[in-house]
Amino acid sequence: MSNKPPPPRPAPRLYLATPVVDDPASLLAELPGLLAAADVAAVLLRLKETDQRTMITRIKALAPPVQKAGAALLVEDHAELVARGGADGAHLPGIAALKEALPSLKPDRIAGVGGLTTRHHSMDAGEMGADYVLFGEPDAKGQRPSAQAIAERLDWWAELFEPPCVGFAMSLEEAHDFALSGADFVLVGDFIWADPRGPKAALIEADAAIKKAHATATASQNPAGQEHG
């Protein structure tokens with residue numbers, strides 16, 4: 001029985017990053033329709049920096065429609081606001097921020113992490129208890145690795161480690177390629193909101209692209225009719 005093929009990986013799911021939110025009214029109007037149109041596992045709330053009370057009010061406004069749709073709401077950076085705003089977790093920008101936030105988030109809330117520039121940092125994050133690792137986001141100067149390098153990092157992680165990995169896609173092509181490389185989730189944001197057809201059409205297309213990539217990857221792992229001894 002040792003040559004039994006591994007169980008197929010579940011299909012990757014979308015992780016939708018919001019625009020930077022100041023007044024949440026337009027996003028509140030749009031989110032339910034977006035989340036009903038595609039298979040979105042989580043929403044990353046990017047808040048405009050302001051006073052804590054205002055930011056908590058915005059989280060409280062946006063958490064219910066996201067959670068009602070069966071998705072998780074994660075707040076970018078501000079772990080200290082998660083519980084008070086009723087969010088499901090936080091996305092942290094590096095190892096130091098993860099370490100600082102873990103006591104306040106665990107065990108009830110999600111702690112995701114990005115800003116992992118080396119494989120060593122990624123493994124550290126996994127060992128510390130990160131619920132997912134994100135690869136491919138731009139740094140403070142807007143620089144990021146090549147799409148090929150991001151795909152290779154996702155492939156490496158998916159092959160060896162248990163916690164989910166997320167690929168930061170800046171285009172439909174990257175969303176497809178990162179799903180093909182083994183990403184459990186594909187983070188999409190700016191290119192969805194900037195699409196001239198509107199975000200719903202772009203999100204549906206991104207969802208289809210990652211499902212297609214997963215089908216391709218699954219077929220290549222288990223060719224039809226192949227016998228295993």
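In which loop is H78 found? H78 sits in the loop that connects strand 3 (72-76) to helix 3 (82-85), where helices (H or I, at least four residues) and strands (E, at least two) are DSSP runs numbered from the N terminus.

## Basis of the model

This is a predicted model, in which local features need pLDDT of at least 70 and side-chain atom pairs count only at pLDDT 80 or more, while totals for chains, interfaces and linings use all residues. Residues are numbered from 1 along each chain as its sequence is written, and side-chain values use heavy atoms, with hydrogens and water left out.

H78 counts as buried because its relative accessibility is 11%; buried means under 20% relative accessible area, exposed over 50%, and partly exposed in between (1.4 Å probe, protein chains only). Leaving aside residues up to four places away in sequence, H78 touches E49 and M55, a contact being heavy atoms within 4.5 Å.

D77 is also placed in the loop between strand 3 and helix 3, and with 36% relative accessibility D77 counts as partly exposed. The phi of D77 is near 75°, a positive value in a residue other than glycine. Most residues other than glycine have a negative phi, and most peptide bonds are trans.

K99 belongs to helix 4 (residues 95-105) and is exposed, with a relative accessible area of 60%. Between the C-alpha atoms of K99 and P196, which are 97 residues apart along the chain, the separation is 40 Å.

The peptide bond that runs from K106 to P107 is cis, with omega near 0°, and P107 lies in the loop between helix 4 and strand 5 (110-113).

L27, L31, L34 and L35 are the buried residues of helix 1, and they pack against strand 1 (13-21), strand 2 (40-47), helix 2 (52-68), helix 8 (190-193) and helix 9.

The axes of helix 1 (residues 25-37) and helix 9 (residues 199-221) come within 9 Å and cross at roughly 25°, the axes being lines fitted to C-alpha atoms, for helices over the stretch in contact, with angles from 0 to 180 degrees between N-to-C directions. The two helices, helix 1 and helix 9, are therefore roughly parallel to each other (angles under 35 degrees count as roughly parallel, over 145 as roughly antiparallel, 65 to 115 as roughly perpendicular and the rest as oblique). Helix 1 contributes E30, G33, L34 and A37 to the contact, and helix 9 contributes P199, K200, L203 and I204.

## Helix 7 on helix 9

Helix 7 (residues 172-180) packs with helix 9 at an angle of about 30°, their axes being 8 Å apart, and that makes helix 7 roughly parallel to helix 9. From helix 7 the contact is made by L172, A175, H176, A179 and L180, and from helix 9 by E205, A206, A209, I210, A213, T216 and A217. By class, the residues of this contact between helix 7 and helix 9 divide into 9 nonpolar, 2 polar and 1 charged, where Ala, Val, Leu, Ile, Met, Phe, Trp, Tyr, Cys and Pro count as nonpolar, Asp, Glu, Lys and Arg as charged, and the others, Gly among them, as polar.
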